[in-house]
Amino acid sequence: MRRRHPLPALRATAAAAALLAANAFAQTPTEAELARKLDALAAELANVKAQLQQLQQQKAAAGAPASPAAPAAPATSAAPVAAAPVAAPPAEPATVFSGYGELNYNRPKASENTQADVRRFVLGLQHRFDAKTKMVGEIEVEHAVSSADDPGEVEIEQAYVEHQLNPTWAVRGGLFLVPMGLLNENHEPTAYYGVERNFVETAIIPSTWREGGVQLAGSFDNGLALQAGISTGFDLTKWDATSTEGLESPLGAIHQELSLAKARDLSVFGALNWRGIPGLQLGGGLFAGGATHGQSAARGRVTLWDLHARWTPGRWDLAALYSRGSISNTAALNATLIGNPTLIPKSFDGAYLQAAYKLWTHEDYALSPFVRLERFNTAKSYADLGTGLTPSPAATERVLTVGANFQLTPGVVVKADVQRFRENKDNNRLDLGLGWSF
Amino acid sequence: MRLWPAAAVAAIAPASAFAVDYLSAEQAARLMFPDADTFAPRELALDADQLRALEAQGVRGRSARWTVRVAQHAGATLGFVVVDEVIGKFELITYAVGIGLDGAVRQVEILSYRESHGHEIRLPGWRRQFVGKTAQSPLRIGDDIANISGATLSCTHVTEGIRRIVAVVALTRRNGALA
């Protein structure tokens, strides 16, 4: 917003006051009229005084060094006090730090596997170059320690430049989150229920999923938001048939995270969300692209789509999501992998229903119990490799999660839940978590 | 399902002429009080007692100093306009609240929104939820104001800001500072 010098306003007000005064004497008003005009004049004079005082203060402030006690965050800085007609906004910092993190405790039925973990610690940085252009970056450390001997990872989760083309359209270039599902672009622990992210949006949609590319994002006045672009995609040539990783999350096993990503085959993606009624979100996403990059005799293509809905009437928070992925030409791709435990599935899918209710609030405290029903299958079907060679589809896992999020303050959440697995009951567990986001 | 026809209508409805970024404060004020011929600025300074009174209502005073534009027509007060800024998730959201003489919110306008997500707070449907709310209303997300999925922080902070402005205007009108 433009910052205007208040002097013209001051002059205009003074002129108006003078006119009003002249007007008052030019007529022969009744006593009541005269009193009213005098009141108006007094009010105008008070305004002029206030503005003058403010100008003097501004001049004094401009000459004085910044107070070390001045609050750094604009949220806590003083409200606009500049003279009319435009209130000067608080100084907007060009660079903003942010962060989120979560510490989790999982105690499965096989209690010897109980673990406590700094699941992720993320620092974000946003820098605004001008009113239309900014950089958004996030660096993440998973599992607290990353070294040659430790399982942790250090990752750049986001690194993109966004330029606002006009009030409707923005273009993003760089490493960004893929618009798919409800969680991927809103993955901070304060934004979802349960200690762990839901299975469908980790095993089927490989959150936190990001690709490098170019994206157009438009938001329309009828409530539609459209995102579409071209980006890097998956790498089927790194499928490890000897590991069970591909069975845990087929796309999680072959995502590239823009780390020396193979980029001969690019993917296209699109997402459409409608939020035209307050509290309601209806949407879907699609991602498709080649994933063999000319490095395999057989060409394979990965397609993933989802449909989702979220509705937050009053204290309720209801969500539903379905996602399905498929990989083409897996018979040929699997030909050299036969005999290994984990072949490339032809299709995989999952769905969940979730209901949360804000049961109790006191000041910033809020307790929201929730229940989530999920079903997912990471190997719903395999391409036919011949009798005795084609793997059986995996059993569809069903998980019931019951728990609560306790909001300590809007940026801090304490979570607890229990999870019951229909197929692999050894996975039944108790989860505790602490998360924050700012 | 009743929502679908509504969705279809919303999808084909023309874009609002004003629901864009960077609506100026003057434009917003004129939009809220088209009959006004003057928007006289009033500088308000809340004292410690008044800030405590706000706290007692569950409103964080944040600042003791406020500028209120008094919408007037031929010297008669029509209502009040306050322009304020809150942080959304990372960036400032500039918005304006118009309040009628009955103390109820008349209109809310988003003057600028800079976040990558959550532009939907500019939608008329979301802003309309505030119309008619007074200092007695809860004015809370998840209560009388519906959230926008994916823009929770922006919704929460703007709603908090509007609750604060409604309370400040009500308080200062009661004690005569804002006639």
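Okay, housekeeping before we look. The model is predicted, so to speak a calculation throughout: local features need pLDDT of at least 70, side-chain atom pairs count only at pLDDT 80 or more, and totals for chains, interfaces and linings use all residues. Residues are numbered from 1 along each chain as its sequence is written, chains are lettered from A and ligands numbered from 1 in written order, and side-chain values use heavy atoms, leaving out hydrogens and water.

Let's start with chain B. You'll find five helices and five strands there, and from the N terminus the order is α-α-β-α-β-β-β-β-α-α. Those elements are DSSP runs numbered from the N terminus, with helices being H or I of at least four residues and strands E of at least two. Of its 179 residues, 57% count as buried, meaning under 20% relative accessible area, with exposed being over 50% and partly exposed in between (1.4 Å probe, protein chains only).

Now, the helix pair. In chain B, α3 (residues 48-56) packs with α5 (residues 152-174) at an angle of about 130 degrees, and the axes are 11 Å apart. The axes are lines fitted to C-alpha atoms, for helices over the stretch in contact, and angles run from 0 to 180 degrees between N-to-C directions. That angle makes α3(B) oblique to α5(B); under 35 degrees would be roughly parallel, over 145 roughly antiparallel, 65 to 115 roughly perpendicular, and the rest is oblique.

Which residues meet there? On the α3(B) side we have Gln50(B), Ala53(B) and Leu54(B), and they meet Ala167(B), Val168(B) and Leu171(B) of α5(B). Contact here means heavy atoms within 4.5 Å. By class, that's five nonpolar, one polar and no charged residues. For the classes, Ala, Val, Leu, Ile, Met, Phe, Trp, Tyr, Cys and Pro are nonpolar, Asp, Glu, Lys and Arg are charged, and the others, Gly among them, are polar.

Over to chain A. Ile277(A) sits in the loop between β8 (267-274) and β9 (280-290). Ile277(A) is partly exposed, at a relative accessible area of 24%. Its C-alpha atom is 9.6 Å from that of Asn222(A), 55 residues apart along the chain.

Last one: Trp311(A), in strand β10 (residues 301-311). Is Trp311(A) buried, partly exposed or exposed? Partly exposed, with a relative accessible area of 40%. Leaving aside residues up to four places away in sequence, Trp311(A) touches Gly279(A), Leu280(A), Trp316(A), Asp317(A) and Leu318(A).
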